[in-house]
Amino acid sequence: MTNFYTLTRTELAEAAKEYKFIWLTLFFVILGVTQPLVHNYMDVILENVGGADGITIDPNRPVPSSGEVLLSTISGQFNQIGLIILIISFMGLIASDRNSGMQDFILTRPVSLQSYLMSKLAGHWLISMFAIAIGAVVSYGYTIFLFGSFSFSDFSLFLLMYSLWILYVISLAILISTFIKGPILIAVATIAASIFFILIKGFNQLAFQLSPGGVLNVAENYLLPGREVNHFSILSCGMFIVFNLWLAKRNITQQ
């Protein structure tokens, strides 16, 4: 436990030196603010940029609910552009240690491989959720100001479920890092696999709910209740995380 704590603290200190807490947070705050503003001021934006020619905007169109705006912000912007930037930010989390010899240095000390992998997972999850949570809370504030109130407890439960998805994506990046040496290829493979688990929803609902991406459905139900939800997706996501770490440990041991 002491080694895990020390290694996790080192990951956080490295992230602080690279200003990840600042630029990642600013990035998610911008994403979180942009979407509610675009929803509310679309007419004004189109008029001022001259892009309304040929576009008919129905003045009686329904105003989106707060839940719909939050869903489009976090499940849309955060889970697309935001996820890509997150993955790029930690694409070298194992590869850089291996290429610099730091991994061999650490593992020749009285440090278990399990502590090393768990510190990578926990450290990058804390960094990611710090930035995402602040961006999401700012977006929540703008959304309820522009579109009306929304339950903060439901919003918090959504973030809690969404954090499981982020934990899975990080475990996936760790696993892929044990197969591939190049950071760019690791990022591309992780992004492609993550998008696959999101897009599978449109092809097979049962496979989606049993996949790691199924936890997104559980999370989104807190923003827009009424959709079909299988809570087994939470357990399924946890099992995939454990499997990724187990396979990563096995690969490193065999290298």
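Me: In which helix is Leu126 found?

Reply: Leu126 is found in helix 7. Helices here are DSSP runs of H or I with at least four residues, numbered from the N terminus. This is a predicted model, in which local features need pLDDT of at least 70 and side-chain atom pairs count only at pLDDT 80 or more, while totals for chains, interfaces and linings use all residues. Residues are numbered from 1 along each chain as its sequence is written, and side-chain values use heavy atoms, with hydrogens and water left out.

Me: Is Leu126 buried, exposed or partly exposed, and what are the cut-offs?

Reply: Buried means under 20% relative accessible area, exposed means over 50%, and partly exposed lies in between (1.4 Å probe, protein chains only). Leu126 has 38% relative accessibility, so Leu126 counts as partly exposed.

Me: How does helix 2 run relative to helix 7?

Reply: Axes are lines fitted to C-alpha atoms, for helices over the stretch in contact, and angles run from 0 to 180 degrees between N-to-C directions. Under 35 degrees counts as roughly parallel, over 145 as roughly antiparallel, 65 to 115 as roughly perpendicular, and the rest as oblique. The axes of helix 2 (residues 20-40) and helix 7 cross at roughly 25° and come within 8 Å. Helix 2 is therefore roughly parallel to helix 7.

Me: What is the handedness of that crossing?

Reply: A crossing is left-handed if the near helix is turned anticlockwise from the far one by less than a right angle, and right-handed if clockwise. Helix 2 passes helix 7 in a right-handed crossing.

Me: How does helix 7 cross helix 12?

Reply: The axes of helix 7 (residues 113-147) and helix 12 cross at roughly 130° and come within 10 Å. Helix 7 is therefore oblique to helix 12. The crossing of helix 7 past helix 12 is right-handed.

Me: How many salt bridges does the structure hold?

Reply: A salt bridge is a side-chain nitrogen of Lys or Arg within 4 Å of a carboxyl oxygen of Asp or Glu. The structure holds three. One of them joins Glu11 to Lys120, with the closest N and O atoms 2.7 Å apart. This pair links distant parts of the chain, since Glu11 is in helix 1 (residues 2-17) and Lys120 in helix 7, 109 residues apart. Glu11 and Lys120 are both buried.

Me: Which residue forms a salt bridge with Lys17?

Reply: Glu14 does, with the closest N and O atoms 4.0 Å apart. Both residues lie in helix 1, three residues apart, about one turn of the helix. Lys17 is exposed at 61% relative accessibility, whereas Glu14 is partly exposed at 38%.

Me: Which residue pairs with Glu18 in a salt bridge?

Reply: Lys20 does, and the closest N and O atoms are 3.8 Å apart. Glu18 is partly exposed, with a relative accessible area of 43%, while Lys20 is buried at 10%.

Me: Which residues form the nonpolar patch on the surface?

Reply: Patches are made of residues with over 30% relative accessible area and no salt bridge; like charges are joined within 9 Å, and nonpolar side chains (Val, Leu, Ile, Met, Phe, Trp, Tyr) within 5 Å. Here the patch consists of Leu206, Leu210, Phe232, Leu235 and Met239, with about 490 Å² of accessible area together (Shrake-Rupley method, 1.4 Å probe; for residues, only the protein chains shown count as cover). Phe232 lies in helix 12 and is partly exposed at 39%.

Terms used:
Helices (H or I, at least four residues) and strands (E, at least two) are DSSP runs, numbered from the N terminus.
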